[in-house]
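Here is a short report on aromatic contacts. Please read it alongside the sequence and the model.

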Amino acid sequence: MKHFLNILILCFWSISFFGQIPEGDATVQAFEPTEDLEDKFQEYFFEALRQKAIENYELALTALDKAELVAGSKEKTAVVFFEKGKNHALLRDYVQAESFYKQVLASEGDRQDVLEHLYDLYYKQQDFDKALPIVQKLISYHDDYKEDLVNLYVHTKKYDEALALLKELESIWGESDIRNALKAQIYRLTGDTAGAIEEIEQKIDDNPGNEKEYLNLIFLYSEQGDKEKAFETAQQLLQAVPNSKMVHLALYKFYIEKGKVEEAVSSMKIIFSTDIIDDDTVLKVLLDFIAFVETHQQYQDELESVANQYSKRNPKVFEFMGNYYLSKNLKVPALEYYEKGVAKDPENYSLLKNTLLLQLDNKNFSEADKLSAKALSFFPAQPLLYLIQGMANNGLNKHDQAIEALEMGIDFVLDDAKMEKDFYEQLSIAYRAKGNLSKADHYANKATKIILPE
């Protein structure tokens, strides 16, 4: 919006120069009187803006060519060139766009809006070497560009300059997650882990209650492979901030590795009980808990307890638990969790598929018929859902409904010989049950002719 307002102001400002065109100008002589020249420029220029607004960039450039012919002053010509640059950029003709932007800068000096467009142009092309001096100029207009400059220093491997500027910004604006991430990236790229650790330890010394810095230090030690130091730092955090919940994201892993089973379970329970940890992270912890229970069956009840508790916040837990029980070939509890999950998340296709297949396996044909019908309202082109509905209705002796679902669904089967064979076999079953042996044999023969790869 800022850029748009700038150019509109410039457009109207430049138009006010029509009365200052020299009498001897050849373009003026071609469009006498002066009023006609002004009208022509406005007509062509605003036609260009109109065409650009509807994304006809070529036509916009044609109109701008005409506007340039009648501009009559360097100010108006600069306005035209700026618009030409923008249209060429939209056409991804970056060489021409760059040329026109530079002509405007040569004529008008370092204008902020033109510099911003030129910076955007270079950044899109990942030409960071050219972008860097542009941003250095933009800093004089707004300090926010200093963060862009840090990023460009990193891209151009000017790491010392990047760190110096980051420290300057930190002293002025304080810390931010973005700047801390950039600093960590620089330390990784330069291999200066020791420098990063030293800086974080100093911050902890300055503020022993800074939970975030302890966590950063734990991460750095873990990344270095120094698990003992990481564990030691986690314990220090727990002493400094006894109510810390985030520290348990590190502690439970350390406890598992050290065989401290009770402590590991206690830490995992704390993670599931808090709402300050994002869902994706908690689900990863759940997977670790599931893997943990594989070798510590005595904690099965604790796993189910925290899963049911956390499911109130995130129903994906049901799918995870269903997968766990299915992996142990415990189909009844797996199905119970899947059905709870699909009730909360009916548009999750993988969950629907697993639930329906288990319902068929358990001969819950009525439930499979209802759920497959609901699933088809979300996924009307999924052949497996039609096949499941056909199988469920065959199981319920509703053969007409089975035939209807199967004949509709087979049209969606593409390059899947196994599924095509299953459709024909189910159609054969349905027609045979209805006493139509001719059609039953027809589909049975079609199924027999499909040779599945071994």
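## Phe 45 and Phe 46

Phe 45 is buried, at a relative accessible area of 1%. (Buried means under 20% relative accessible area, exposed over 50%, partly exposed in between, with a 1.4 Å probe and protein chains only.) Phe 46 is partly exposed, at 27%.

This is a predicted model: local features need pLDDT of at least 70, side-chain atom pairs count only at pLDDT 80 or more, and totals for chains, interfaces and linings use all residues. Residues are numbered from 1 along each chain as its sequence is written, and side-chain values use heavy atoms, with hydrogens and water left out.

## Aromatic pairs

A pair of aromatic rings is described by the distance of the centres and the angle of the planes. Rings of Phe, Tyr and Trp (its six-membered ring) pair if their centres lie within 6.5 Å; planes under 30 degrees apart count as stacked, over 60 as edge-to-face and the rest as tilted.

The whole structure holds 20 aromatic pairs. Phe 45 and Phe 46 make one of them, edge-to-face, with 5.7 Å centre to centre and 90° between the planes. Phe 82 and Tyr 101 are also edge-to-face, because their planes meet at 70°, with centres 5.9 Å apart.

## Linking two helices

Phe 82 sits in helix H5 (residues 74–90) and Tyr 101 in helix H6 (residues 94–108), so their pair ties together parts 19 residues apart in sequence. Helices are DSSP runs (H or I, at least four residues), numbered from the N terminus. Phe 82 is buried, at 1%. Tyr 101 is buried, at 1%.

## Cluster

Phe 272, Phe 289, Phe 292, Tyr 299 and Tyr 310 form one aromatic cluster.
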